[in-house]
Amino acid sequence: MSVIDDVKQKLDIVQVVSEYVKLQKAGKNYKSACPFHSEKNPSFFVFPDRQSWHCFGACGTGGDIFSFIMKKEGIDFAQALRLLADKAGVTLVERASPRREEENRERELLFELNEAAAAYYHHLLLNASSAEAARNYVKGRGISIETIKDFQIGYAPEGWDTIKQYLNGKGYSEAELLNAGLLVERDDKNMYDRFRNRLMFPIRNIQGKVTGFGGRALDDSLPKYLNSPQTPVFDKSGSLYGIDRAKTAIRQKNQVVIVEGYMDVLVAHQYGNTNVVASMGTAMTDKQLTIIKGLTRNLILALDADAAGIDAVSRSGEMVDKMLPVPPSFYGWVKYEDAQNAEVKIMILPPGKDPDEVIIEEPGGWQKLTTDAKPMVDFIFESAVAKLNPESARDKSILVEKLLPLLNEMKDPIRQAHYLGRLSRLLKIEEHVLSDSLRKFKAIEKKRKGTRSVRSFASPSHNIVSSSPLEQYCLALLLQYPELKSECTELSPDYFENTENRELFEKWQQSNNFASFKDSLDSALQQYLDNLMARAFPSITDNESARRETIEDCVTRLQERRLRNLESQKQELLAIEAEIGGTGAELAKLEEGQEIPKQLKEIFIEQNRRHRQIKSEAE
Ligand SMILES: [Zn+2]
């Protein structure tokens, strides 16, 4: 038995949750107001039989004892395992991995070095006479001395070896400085300071450790913004500027506002808008979203009018694609919302203004912009309609053609129906005409996807009995045959009910290299991973198409199981509520969730279709 199972067996979820939440008995289960969102009527339930929890309200999520602690304490799996093992009296044996230890030492050294550099740059900004221009620049942008200190803003002087000299003097070698990205190596092997005559922004991870720097040129040097290179601790695409100082507010407000620049973050925080972070000038990446996901599912993207595409483009018939402000990334966002049960809103800044300017000019204005932020899809609809002439038949069909794929992304039928209605009103087209078009579009999409793979006859189903073995089987298969990754784009971490499986799956999804994936795991998970890797799949070892068939089957089964569980939990709750005379509102709220049976039905239809096909191929 793995230590993870051991911990699970020794602890009772009801008891652990009770330490955080006041639970009320409801039949054989327990309920309470949800600790993760604010509400009056309890929709947070704990199920002792399954040792699981679920919020049927705004969160719509649930999980096991690990995910509860991770969410409640805002910690990762490894930390939650330590906390719970401690509670359970289970000793965790840290497996010594020389390579891992060495890497940890290297990372710690880099953090230490960056910290020292940040402190020195900061000291220079506050004190050096050569920093006069830098100080004036910051002052001119409206940044207070407190903010400079809070964010440890610094100054890198013009010289070629300021930081090199200073840190050499502290005992760090040139090789170490090079590794941290503070120095650059010339062809002749000489090294010099990477950041010169720049305003320095230390970039910290969520734990507050300095991972790297952003340096803004104080003269005409290019690039205007220079970042640390990729190092063992710095990854630009996985960084969010200000996250260490914003995390508490993001959790409390259950909302994050994402801006582009360092200055925007500084000013926002200075004026009390502490749930603001910057995306480092890049489009949001999966890594950044993973960090945010641990804090909130409500995102507001602050876009300037240009980026949002609401500049005044003339309504000429050509260049329709450009005119429609639906960049591909927006479709991605709608998908993200759907998969993560998140809401993404768009905040449009006044033309020609950056967030920091808006905040300084009219502090209340920012609050208003936040409140006025529009849900992504509403925004897309409205700006698309504003671009084209909804009175013109041609423009109407263009709009429908552009917007249907968006509706098709929505897996929640209620949401889909809502937007179908909106579109119908906006375009003055009868709803049934639109839903016909959507149905046709769906059919074409399905056909396109259906022809993708030819199925052969093989069924792993007799091996799969209960929930956890299914998760393990699926994971083991994926891990051993990485080429199957492309087959499970529809598999979401939520389908794994056991946090250890979910954790492995998520980390595996994000990595493209097995060694680094394994290294990123906690040692208890590494052990667990070894077990999964040792599993044999005799019947499909030599048969690639059978493996594909098998994994697709697993994915469908996981989906089906998730929906079934949700449905049965719901039924159970309805029964309890009815028995104890629960409030009508709660009942209505729970009954409203008709999407589950519908989705289940779709899965059954798909499965039937598949089985018929398999049968006919086998005959
Ligand atoms: Zn909730």
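Mentor: Happy to! Let's start with Arg50, which lies over the face of Phe47, at 5.0 Å from the ring centre. Keep in mind as we go that this is a predicted model.

Now for rings beside rings. A search of the whole structure finds 24 aromatic pairs. One of them joins Tyr20 and Phe68: their ring centres are 5.7 Å apart and the planes meet at 70°, so the pair is edge-to-face. This pair links distant parts of the chain, 48 residues apart, with Tyr20 in the loop between α2 (13–18) and β1 (24–26) and Phe68 in helix α3 (residues 65–73). Phe68 counts as buried because its relative accessibility is 0%, whereas Tyr20, at 28%, counts as partly exposed. Both belong to a cluster in which ring pairs also link Phe36, Phe44 and Trp53.

Let's finish with the metal. Cys34 (SG), His37 (ND1), Cys55 (SG) and Cys59 (SG) coordinate the zinc ion at 2.0 to 2.3 Å. The site is tetrahedral, with angles of 100 to 117° among the four donor atoms. Along the sequence, the donor residues follow the spacing C-x2-H-x17-C-x3-C. Cys34 sits in the loop between β2 (29–32) and β3 (44–47), and Cys59 in the loop between β4 (52–55) and β5 (62–63), so this pair, 25 residues apart, links distant parts of the chain. Cys34 counts as buried at 7% relative accessibility, and Cys59 counts as buried at 13%.

Notes
Residues are numbered from 1 along each chain as its sequence is written. This is a predicted model: local features need pLDDT of at least 70, side-chain atom pairs count only at pLDDT 80 or more; totals for chains, interfaces and linings use all residues. Side-chain values use heavy atoms; hydrogens and water are left out. Donors are N, O and S atoms within 2.8 Å of the metal (3.2 Å for Na, K and Ca); water is not among the atoms, so sites may look incomplete. Four donors count as tetrahedral if all angles lie between 85 and 135 degrees; four count as square planar and six as octahedral if opposite donors are over 155 degrees apart and all others between 65 and 115; anything else is irregular. Helices (H or I, at least four residues) and strands (E, at least two) are DSSP runs, numbered from the N terminus. Buried means under 20% relative accessible area, exposed over 50%, partly exposed in between (1.4 Å probe, protein chains only). Rings of Phe, Tyr and Trp (its six-membered ring) pair if their centres lie within 6.5 Å; planes under 30 degrees apart count as stacked, over 60 as edge-to-face and the rest as tilted. A charge sits over a ring if NZ of Lys or CZ of Arg is within 6 Å of the ring centre and within 35 degrees of the ring normal.
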